[in-house]
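User: I'm new to reading protein models, and I'd like to zoom in on one spot. Could you walk me through it and then show me what else is worth a look?

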Amino acid sequence: MIVVPLHQRLALVILASVVGFAVCWFAATPFGLTAPVAGLFLFTQRRAALMLYTVLGIAFAGSVLVTCFSIGGMRGVSLEWAAFYATVICVGGIVVAAMRATRNEDALRAAQTIESVVGNAWATDAAGRFTYVTPAALTFLGIRLDELNATSDYGDLGWKPVVHPEDYETAAAVWRRCLKTGEHYNIEHRMLRANGVYSWGRSSGQPVRDSRGRITGWYGTVIDSDISECSGVEAGSSKLSDMKDGTLSESFPPLNEIHPHDRPAATQASAYAFWTGVPQVMSFRARQADGSYRFTEYRVDPGYGVSVDVAPMASRLDERWTISDSIGETAEAVRAAKIIEALYGKAWAFDAAGQFTYVTPTAQIAIDMTLDDLNAPVRGGAFIDGGDTGWSRGVHPEDYDHAAAGLRRSLKTGDPWNVEYRMLRKNGEYVWHRIAARPTHDSQGRITGWYGTSIDIDVYKKTEAALIESKRKLQQLIDSVPALIWGLTPDGTPSYVNKRFVEVTGMSLEDITDSDNAPTVRVLLHPDDADLALKAIGKSIATGQPYVQRYRQRRADGSYHWTETRAEPLYDEDGNILQWYGVSVDIHNLVLAQDALRESERMYRQLVETLPAMVDCAGPDGEPMYRSRQLSKYLGYDLEKLSGKPLLASTLNQSVHPDELADVKEHYTHCLSAGEPYARKHRLRRFDGEYRWMETRAAAMRNAEGEIVQWNVICLDIDGEVRAQEKLRLAQESLARASQAASLAELSASIAHEVNQPLAAIVANSFACHRWLTASPPNLERAKNTSERIIRDANSAADVVNRIRSLFKQSVESRNVVALGSVITEACDVIAEEALRRRIRMDIELNGDLPPVLLDRVQIQQVLVNLIRNGMDAMNSVTGERILGVRVGSTEEVVQLEISDVGAGVEFFDKIFQPFFTTKERGMGMGLAICRSIVESHGGKLWVENNQPCGSRFIFTLPVEVKLTP
């Protein structure tokens with residue numbers, strides 16, 4: 001950018017002022033001050049210029065006033081001064097206009113430089129008013145330059161009509177902030193094309209500054225990035241919410257905390273990340289708390305989502321890079337490269353022979369090649385004559401010949417160089433780049449150099465490949481779906497059919513479309529269904545309502561199959577139908593099955609009426625709506641004869657035993673509200689007034705949506721079984737209590753009688769030992785003898801304990817070879833009634849090939865009953881389904897039994913089998929210890945594991961060939 005240096009302008013003003021004052025002094029005329037005043041306008045902008053205009057205007061008005069009224073005879077002097085003021089006001093306007101034009105020219109030249117490489121660009125003044133936009137871009141957007149600068153009564157910017165309404169506020173806010181702060185402008189938003197379609201555009205802007213650092217204008221470019229809609233962003237959704245509200249990553253420190261020499265590289269990294277979508281990891285000098293600068297690594301992200309995996313580009317400003325000692329005739333090319341560099345982050349320049357004179361430092365670091373490396377001869381002569389330079393090492397071998405040939409041709413002809421090739425990064429990875437270069441010329445038209453940029457398009461390439469693969473998979477999915485998929489234009493003309501459509505119907509898209517594009521789908525419809533189906537699709541096309549229809553469709557073999565067809569329209573953002581998409585599913589077997597189902601339903605209803613069981617059906621709220629003849633006969637009345645309302649309450653009140661009525665109501669109400677199955681045993685009043693035990697089970701029948709539509713209930717008379725089981729349970733409990741009482745009595749007597757004597761002897765000898773040791777002097781000999789007696793009595797106590805433990809070791813005289821299945825069945829029968837009362841389902845799995853085992857039948861049953869009861873106790877707090885599993889399997893050597901529950905599980909694995917250790921409030925802690933003793937006395941093992949996903953498993957084994965323990 002051409003800017004007159006400050007010291008030159010200052011010298012010019014001082015010289016003009018000296019000359020002007022001299023003319024004013026010697027010629028006695030105020031016109032000599034014109035030059036100094038014009039010089040003042042060189043240093044005034046905006047408010048200062050306005051203030052100077054105001055002062056000169058007031059002075060001019062005063063001079064005119066004095067001239068008009070001839071005040072003090074100063075008419076001639078005042079007229080001369082009035083002419084002077086009018087002259088300097090005009091001169092000042094000319095100077096200010098010229099300065100503004102010069103500043104606008106800087107932004108314009110920068111924009112045109114960008115335009116020559118990218119294809120479109122724009123420039124504005126410092127206030128953001130557009131002074132230039134590439135004509136092709138205006139045509140693309142369908143807007144004029146003056147329309148871009150127009151403002152509404154609400155303060156909206158002129159370019160609001162070409163930005164998507166959802167994106168405008170954010171884009172405008174960022175632009176206004178950048179105008180105030182001078183930040184690099186980077187944003188992505190949707191733009192309205194001339195054809196009325198919104199497409200994503202990536203816009204970037206850079207300020208132009210004068211020698212004093214003041215912003216004199218802006219230049220930038222917009223690139224269509226519509227492919228990003230396919231890279232993880234839903235069409236029609238705004239991406240601005242995902243963008244950082246600033247030019248650098250949030251991890252970056254403010255620019256004023258970055259070393260002045262590194263600030264350009266930081267902004268270049270941000271620009272490069274924005275344009276390419278490749279994160280930049282770079283190290284630069286950041287100011288520390290003590291004021292010193294230290295190299296620190298930061299990451300700059302693009303500011304928008306990228307759906308493909310991209311490795312970040314890393315660089316450190318303290319790594320090797322060079323600047324050319326002499327740029328020769330490429331000064332203009334280097335200047336253009338730096339303009340591009342400020343916008344895109346990377347740029348370069350080389351001379352007319354292809355020798356690099358400038359490359360952005362961070363670019364040199366990224367490819368690990370300095371200017372000397374790039375220009376170093378590799379083979380042959382000069383590059384333009386067919387030789388190769390170090391630049392060839394940074395190009396993929398498969399791409400180099402094409403890229404080099406194109407560059408040599410451009411160097412010779414002056415044609416623009418545009419190419420794509422894979423470039424080698426420092427990390428050894430090749431990534432795709434898009435390269436554009438343009439020549440610079442001197443006044444005679446001779447090429448003096450080249451400038452250009454290399455934009456990383458690896459994200460684009462990967463996104464494009466992912467899009468192609470996604471389309472391939474989508475087409476493959478559409479063709480493999482077991483349905484006929486088709487499409488219609490908004491007026492109903494067939495536009496697409498999938499592969500399966502052609503295979504099933506034997507007709508292609510052309511077969512169902514006339515030469516004038518009129519649909520001929522009637523050939524696919526059964527004659528009896530065609531009129532109704534076509535009328536329905538015509539109505540949907542006219543109204544936009546979804547289409548749903550069942551009809552018989554013709555197949556390739558000439559047969560007709562029942563088909564259900566559904567279609568819905570696809571709308572654009574304005575609510576206009578773009579396309580109709582439909583799917584036709586073969587439901588022939590379903591229709592036939594439904595006909596068969598209706599006949600089956602009639603038969604099953606008849607079957608229910610003849611079943612030897614009492615059946616009842618109720619609505620979702622539990623109100624009876626059907627009762628079988630057997631149940632009505634048992635109760636002695638029909639539903640119609642109930643006097644009370646509602647029916648459920650009347651039935652329960654009249655039929656359920658008063659002692660169980662409250663519990664039945666509570667349980668049934670809970671199942672109705674929770675949708676859980678109902679199972680309960682209670683007494684039900686028979687028609688003759690006798691209450692008999694009844695097992696009632698109910699389950700919910702649901703529709704496709706999971707909603708309860710009916711409760712199905714069955715009642716079974718189990719009065720005889722309940723009474724027999726109650727007698728058996730009472731007998732078993734009485735036997736168990738007697739056995740427990742006897743064992744406890746024996747244990748207590750043994751402990752009281754056997755342990756008391758050695759303990760008493762230990763206490764007496766301990767007192768004696770204490771006396772001998774405390775005597776003066778201590779009698780050590782007697783104390784020693786007494787301590788030996790203490791040891792003897794302690795051993796005696798240990799023997800007593802061993803004898804007590806022997807109580808748990810039963811004799812083997814009553815053991816017989818028994819089929820283990822019958823033992824397990826009897827134990828489960830003993831506990832079955834208790835499990836039923838506690839709402840516990842017992843899941844029993846027996847291997848039919850269990851070998852016989854030598855065992856004490858009563859003892860093993862005691863072990864099983866104890867373990868099963870423990871499992872039931874562990875599930876007292878379980879609110880869901882309670883399941884107690886009993887599983888038996890065998891190997892060649894042992895039979896393994898497993899009792900599992902769904903309770904809280906075991907917490908103390910190391911203590912659970914210790915005597916007197918219990919987790920129950922009223923437990924003695926002897927049950928599991930006795931169980932282990934019994935199992936081990938049979939030569940087996942007993943242990944515990946946690947069940948999955950919850951609960952515990954007690955497992956014990958019994959050997960097939962028993963080896964008795966002593």
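What does D843 count as, going by its relative accessibility?

Analyst: Keep in mind that this is a predicted model. D843 counts as partly exposed, because its relative accessibility is 23% and buried would mean under 20%. D843 also has a partner: R887 forms a salt bridge with it, with the closest N and O atoms 3.5 Å apart. R887 sits in strand β29 (residues 882-890) and D843 in strand β27 (residues 840-846), so this pair ties together parts that are 44 residues apart in sequence. R887 is partly exposed too, at a relative accessible area of 28%.

Elsewhere, R446 and D442 meet through their side chains at 3.2 Å, N to O, and R446 is partly exposed with a relative accessible area of 42%.

L570 belongs to strand β19 (residues 560-571). Together with L578 and Y581, L570 makes a nonpolar surface patch with about 290 Å² of accessible area. L570 itself is partly exposed, at 40% relative accessibility.

Last stop, a sheet. Five strands form an open sheet in the order β22-β21-β25-β24-β23, paired antiparallel. Strands β22 (624-627) and β23 (678-685) are at the edges with a single partner strand each, so one side of each has no neighbour in the sheet. On average, neighbouring strands here are turned by 25° against each other, ignoring direction. Look inside the sheet and you'll find β21 (residues 614-618) joined to β25 (residues 708-717) by five bridges, the two running antiparallel. For A618, the bridge partner in β25 is W711. Helix α19 (residues 658-674) lies across β21, β23, β24 (691-702) and β25, and runs at about 150° to β23.

Methods
Residues numbered from 1 in each chain as written. Predicted model: local features only at pLDDT ≥ 70, side-chain atom pairs only at ≥ 80, totals over all residues. Heavy atoms only, no water. Patch = residues over 30% accessible without salt bridge, like charges linked within 9 Å, V, L, I, M, F, W, Y side chains within 5 Å. Areas by Shrake-Rupley, 256 points an atom, 1.4 Å probe, with all protein chains shown as cover. Salt bridge = Lys/Arg side-chain N within 4 Å of Asp/Glu carboxyl O. Helix = DSSP H or I, 4+ residues; strand = E, 2+ residues; numbered from the N terminus. Buried < 20%, exposed > 50% of the residue type's maximum accessible area, 1.4 Å probe, protein only. Pairing = 2+ DSSP bridges. Axes fitted to C-alpha atoms, helices over the stretch in contact; angles between N-to-C directions. Contact = heavy atoms within 4.5 Å.
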